[in-house]
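The sequence and the structure are shown below.

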Amino acid sequence: MLGYLVRRLVQSVLILLGVSFITFVLLYVLPADPVRQIAGRSATAQTVENIRQQLGLDQPMLVQYWRYLSGLVQGDMGRSYLQKTEVSTLIAARLPASLLLMAAGIFCELLIGLTLGVIAAIFRGRSLDQGLMVTSFVAVSAPQFVVGLLLLYVFAVQLGWFPIGGYGTAAHLVLPAVTLGIMGSGWYSRMMRSSMVDVLRQDYIRTARAKGLTRRRILLRHALPNAILPIIAMIGIDIGIFMGGIVVVESVFGWPGIGQLAWQAIQRVDIPIIMGVTMVSATAIVLGNLLADLVTPLIDPRIKLR
Amino acid sequence: MSGALPSVTALREAARPLLSVRDLTVSVRDRGVTRPLVENLSFDLHPGETLAIAGESGSGKSITSLALMGLLPHNVSVTSGQALLDGVDLPSLPEPDMRRLRGSKVAMIFQEPMTSLNPVHTIGSQMIEAMRAHEPVSRGAARAAGIAALRRVRISEPEQRMRQYPHELSGGMRQRVMIAMALAMNPALLIADEPTTALDVTVQREVLELLRELQDSTETAVILITHDMGVVAEYADRAVVMKAGRMVESGAVADLFASPGQDYTRALLAAVPRLGDGAARGKPRPPATRAPVARLVDAQVHFDIGANVFGRPTHRVHAVEGVSFDIRPGETFGLVGESGCGKSTLAKALVGLVPHRGHIEVAGHALAGLTTQGKRDICRDVQMVFQDPMAALDPRMTVGDAVAEPLLIHQVCPALERQARAAELFRRVGLMPDQMTRYPHEFSGGQRQRICVARALALQPKLIICDESVSALDVSVQAQVLALLDELQRDMTMSYLFISHDMAVVENVADRLAVMYLGQIVEMGTRDQVFGNPQHPYTRRLLEAVPVPDPAGKGRTYARSKGEVPSPIRAIGDAPQRMPLRDIGHGHLVA
């Protein structure tokens, strides 16, 4: 178990190293020039060159990467080109809001997705099942900014149940979390349905019925734990997709998280912030996957971590 | 006749039956069309009696049991007739009432012990919930009752087993857990649906003996659903023979076997392979003097498993451990043994599918060190026919293409000739060439296996490995496929390596055979030597365990085995002891 954990953590570090390199290269070959952004249109060639030297952007790419990496291992993520603040400070200030949104989003997505999936599986082949599956298809296909604006219009503008945007109370959280969760809930309801349908066909479900257990007990105790096993691994992978969604949703709702930070940084080619947010997201994804793999053996005794 | 004591059976006939099935019809509803699966089935069952429902696949025997349990799939229902259990009509019982009967008054055990227990719950929790579903007993009391139930089915260390998960137990143990669970509530009726079909023959014997003992002490009535006439003969009092959803005939087992009243029953009984039939068939083929088609000298197959901190394996599966034998041209060499003995691994090694050590040669070519091309060429000489023909055929390829594919891969003949050759092969195995454009799912199990045989024949191999090739087939179909294999061998002088767990089948087809146990051969010789004069205790135990389709053999006693078969998994460096074979005369080798 300890050996497994050590091996996985070493792997994780290697993955993050790879992510950092690829992102760095991609940002380097980008046609947008950060120095032009900082200096502004009216700057002289001399000013531009000074800024470039100041930031070390005149160095070869590998040297730049090496500098960044040696900073990173010491916990220094660099300074924002435009805000003149430590990237780590910027991210630290905004990370809690994003984590809160993410947790709420995942909660929404699992609550809606798994419940509907189980219901669809129980009524498989009937009109309720078909209706739910069409709905889930719509949920998967709808772009998040459309869903977000639609929810804002109906529940905030028309009905006035929730604030239009911002951050602070639980009421602020509801619409962004639901927007974030809806797409995933479509996925999860479909996956949960097929997993559940598969499990309900298994011999041990027939055994449970032959024992005279109640329907409720068969579903909750015998079917659900088995059906949820393949879903857990998916949740780990899903965190990556979530990070993409967070950028959109935070912009739509004016949520002060790292998604919005990233969005602004991309527009201004503020490379240290983009790198920083990417590394934080990648770490979240890697840890999420590790966590999912660690949880699985708690439910399935057949899986041993070695 | 007032002086004679009435027989037990007669007394039971007089008493009120426990279960009375009258004109039971079960139908499936498919796209608005209702089609009967079981029609007008009637029988009685008395307390303490064992009734066998025998029949081949599709006879409706399993549907009958599910109908009695109220566990029919949602598109299948009882459309007419009654099944009165103590006067209560089961099919018309509302689901909540039926649920209360299930597991308490009527219990059931199933064919697949490996998948019938929930993998994520312990044995204990699954036993406890079965009891608590029916009686308001405390968890502790249910636990104690569960341990007692496990002890009754002779499971060692029941307290520890309660804490284990299903995957930690062998198939035989799991089936005993299922029995313990089914009998924990002392049901009046136990339905056993092919309870031992998935088990090894020695384990089958133990499980059936156990069922009989438990039944004797509890007066539970048993419906034993089986395709195996040997099991019917040895364990049932009366039998119902079914075919295509209808009852063909019913009666006391002794009468049924002695004088079957219907042609179908007669044909069914005639198709059952019996030990001794092979010997009666005549002398085995004389040993050929030509070079063997396959030769194994000290063949070994090991798989390394586990990993220590440095990623090195910690244990080794000794799947095949020093096996030596020849397969001569034109003979059938049988390989018997129970699951996990290494017989299928040996077959894979023979066609180069798993790496081996030692020497294996096929048609004069050593397998070791062959290039990819060389390995492909070996396939011209050795082909395989597997157990499950449905899984062995690509569902999206027409069967004609499947049979012609080996010709294509090996560039045997021009494209135009290929179809003609495939058509010839179809005729050869008793199928029509105009069926070649169809897909596997359009055929029956027996036809599919014929297609697999045709595919194996395509390259005119010297050796065909039949790995449990007839095990999944109904006895009547099995007899036909065996006859086909025999006929092909006569015409084309091929050799067969016939791998099977079924001693009776092997006795019927093999010229020579080897008995495998834990990766090693424990006995080898001609059919007459091994079956006529079995020397090794394991061979004897295997032979004794085979159910005999003759009710006269009822009540024989069997030595109980001492615990579980040891594992072929051993720590690295701890190689198993080799059991040297010695010749006890005329090439009869015994460990």
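In which loop of chain B is the place of B:His134? B:His134 sits in the loop between α4 and α5 (139-152) of chain B. The model is a predicted one.

**Surroundings of B:His134**

The side chain of B:His134 takes part in polar contacts with backbone oxygens of both chains: that of A:Lys211 is reached at 2.7 Å, and that of B:Arg102 lies 2.8 Å from a polar atom of the side chain. Neighbours within four places in sequence aside, the residues in contact with B:His134 are A:Lys211 and A:Gly212 from chain A, together with B:Arg99, B:Arg100, B:Arg102, B:Gly103, B:Ser104 and B:Met185 from chain B.

| Pair | Atoms involved | Distance |
|---|---|---|
| B:His134 and A:Lys211 | side chain to backbone oxygen | 2.7 Å |
| B:His134 and B:Arg102 | polar side-chain atom to backbone oxygen | 2.8 Å |

**The interface of chain B and chain A**

Contact between the chains involves 27 residues of chain B and 20 residues of chain A. Together the two chains bury about 2200 Å², with 55% of this area on carbon and sulfur atoms. On the side of chain B, the residues that lose the most area to chain A are B:Pro119, B:Val120 and B:Glu129, which together account for 25% of what that side buries.

Three salt bridges are found across the interface, and 16 residue pairs are in polar contact, both residues being at pLDDT 80 or more. The elements of chain B that contribute two or more residues to the side touching chain A are α2 (61-69), α4 (123-132) and α7 (171-183). Of that side, α4(B) supplies the largest share, with four residues. By class, the side of chain B comprises 13 nonpolar, 10 polar and four charged residues.

**Chain A as a whole**

Chain A contains 12 helices and zero strands. Its C-alpha trace spans about 85 × 55 × 30 Å along the principal axes. Of the 306 residues in chain A, 43% are buried. Among contacts in chain A with a separation of 6 or more, 74% join residues 24 or more positions apart.

Methods:
Residues are numbered from 1 along each chain as its sequence is written. Chains are lettered from A and ligands numbered from 1 in the order in which they are written. This is a predicted model: local features need pLDDT of at least 70, side-chain atom pairs count only at pLDDT 80 or more; totals for chains, interfaces and linings use all residues. Side-chain values use heavy atoms; hydrogens and water are left out. Contact means heavy atoms within 4.5 Å. Buried area is the accessible area (1.4 Å probe) that two parts lose on being put together, summed over both. A salt bridge is a side-chain nitrogen of Lys or Arg within 4 Å of a carboxyl oxygen of Asp or Glu. A polar contact is a pair of N or O atoms within 3.5 Å; within protein, one must be able to donate a hydrogen and the other to accept it, and residues adjacent in sequence count only if both atoms are side-chain atoms. Ala, Val, Leu, Ile, Met, Phe, Trp, Tyr, Cys and Pro count as nonpolar, Asp, Glu, Lys and Arg as charged, and the others, Gly among them, as polar. Buried means under 20% relative accessible area, exposed over 50%, partly exposed in between (1.4 Å probe, protein chains only).
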